[in-house]
Amino acid sequence: MQVDDKYFYANNNEDDKVYGWVSANPPVGFWMIIPSNEFRTAGPLRQDLTTHVGPTVLSIFVNPSAKANPSVLWNDAKKRMNQEVASWPYDFPISKDYVKSNQRGRVSGQLFVNDMFISKQDVPASTAYIGLAPPGEAGSWQRENKGYQFWTKTGFNGNFTIEDVIFGSNIELGCLVYNPPRNGATLWEIGVPDHTAAEFYLGNMVCGNNIVFCILKMILSTMLAQAIIQKTGFLLMLPGM
């Protein structure tokens, strides 16, 4: 039994730089390439669909080849994606509303976290996401959808630089300290809130569209299933297998 669903093709915004479809016969691929996420909302960890079921994307970049295989086409798409990212902001748009590279600036600084339940001193926010969004209430950047947003990841010491920001000057923010909201010490915690289950048993398994195979693999990986097989020599199979 094969299952296909549009949610198999969901991705975090941070990973949606290039995606599309590729065929071995005929050898052709078409791609959506996104050099900048500044028009997106809700930050880099917001998940969204890249396609519906079947060879359909929101916008199509054609990349045909008469003598190629799917991996060659995909590698070529990733190469072109890197070229487009390096070329952003583009110089060719002539609209007066488009902000070109010489009209943009950068924001830099260093981010720390102050959490008295973890450390008495400010701790550098290593590999944390930090972004700029229109002013609003706390958390409004997750719902706001009319302005631009600019995101980056901090370095090991919490240093960050956000490039190509639409305001035309360079700003040094210095040291920023984030105080996470708390009602008390963490008593216990299950998992990491990152939209994945990778830290759990079999949580990073890639199923694709073969759901039945994944289910059987998980069953066979349990100690209970192994005990049943050792005792009886049989294992219950699903209908249609």
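Q: How many salt bridges does a search of the whole structure find?
A: Five, going by a search of the whole structure. Keep in mind that this is a predicted model.

Q: OK, what does Glu 38 form a salt bridge with?
A: Arg 104 is the partner of Glu 38, and the closest N and O atoms are 2.8 Å apart.

Q: And what does that pair tie together?
A: Parts that are 66 residues apart in sequence, because Glu 38 sits in the loop between β3 (28-33) and β4 (47-49), while Arg 104 sits in the loop between α1 (70-87) and β8 (105-113).

Q: Is Glu 38 buried or exposed?
A: Glu 38 counts as buried, at 7% relative accessibility, since the cut-off for buried is under 20%. Arg 104 counts as buried too, at 8% relative accessibility.

Q: Which residues does Glu 38 touch, leaving out those up to four places away in sequence?
A: Trp 88, Arg 104, Tyr 148, Gln 149, Phe 150, Asp 164 and Ile 166.

Q: Let's go to the helix. Which side chain does Glu 84 meet in a salt bridge?
A: The side chain of Arg 80, at 2.6 Å from N to O. Glu 84 and Arg 80 are four residues apart in helix α1, so about one helical turn separates them.

Q: Switching topic: which residues make the nonpolar surface patch?
A: Leu 187, Trp 188, Ile 190 and Phe 200 make a patch of about 560 Å².

Q: Where is Leu 187 found?
A: In the loop between β13 (171-178) and α2 (211-220). Leu 187 has a relative accessible area of 78%, which means it is exposed, as the cut-off for that is over 50%.

Q: Zooming out, what does the secondary structure come to?
A: Three helices and 13 strands. The protein has 241 residues, and 25% of them count as buried.

Q: Of the contacts between residues at least 6 apart in sequence, what share joins residues at least 24 apart?
A: That share is 66%.

Q: Now pockets. How much space lies in the largest pocket?
A: About 1100 Å³.

Q: What lines the largest pocket?
A: A set of 34 residues, of which Tyr 129, Ile 130, Trp 141, Trp 151 and Tyr 178 lie nearest the centre.

Q: Which strands each supply at least two residues of that lining?
A: β8, β10 (129-132), β12 (159-165) and β13 do. β10 gives the most, with four residues.

Q: Last topic, the backbone. Which peptide bond is cis?
A: The one from Trp 88 to Pro 89, with omega near 0°. Pro 89 lies in the loop between α1 and β8.

Q: On phi, then: what is the value for Thr 127?
A: Thr 127 has a positive phi of about 50°, although it is not a glycine. Thr 127 lies in the loop between β9 (123-124) and β10.

Q: And what about the phi of Asp 164?
A: Positive again, at about 60°, and Asp 164 is not a glycine either. Asp 164 is found in strand β12 and is partly exposed, with a relative accessible area of 24%.

Note on methods: Residues are numbered from 1 along each chain as its sequence is written. This is a predicted model: local features need pLDDT of at least 70, side-chain atom pairs count only at pLDDT 80 or more; totals for chains, interfaces and linings use all residues. Side-chain values use heavy atoms; hydrogens and water are left out. A salt bridge is a side-chain nitrogen of Lys or Arg within 4 Å of a carboxyl oxygen of Asp or Glu. Buried means under 20% relative accessible area, exposed over 50%, partly exposed in between (1.4 Å probe, protein chains only). Patches are made of residues with over 30% relative accessible area and no salt bridge: like charges are joined within 9 Å, nonpolar side chains (Val, Leu, Ile, Met, Phe, Trp, Tyr) within 5 Å. Accessible areas come from the Shrake-Rupley method with a 1.4 Å probe; for residues, only the protein chains shown count as cover. Contact means heavy atoms within 4.5 Å. On a 1 Å grid over the protein atoms alone, a cavity is a set of points where a 1.4 Å probe fits but cannot get out, and a pocket is an open set with protein on both sides within 12 Å along at least five of seven lines; lining residues have an atom within 4 Å of a point. Grid points are joined across faces, edges and corners, and a volume is the space filled by probe spheres set on the points.
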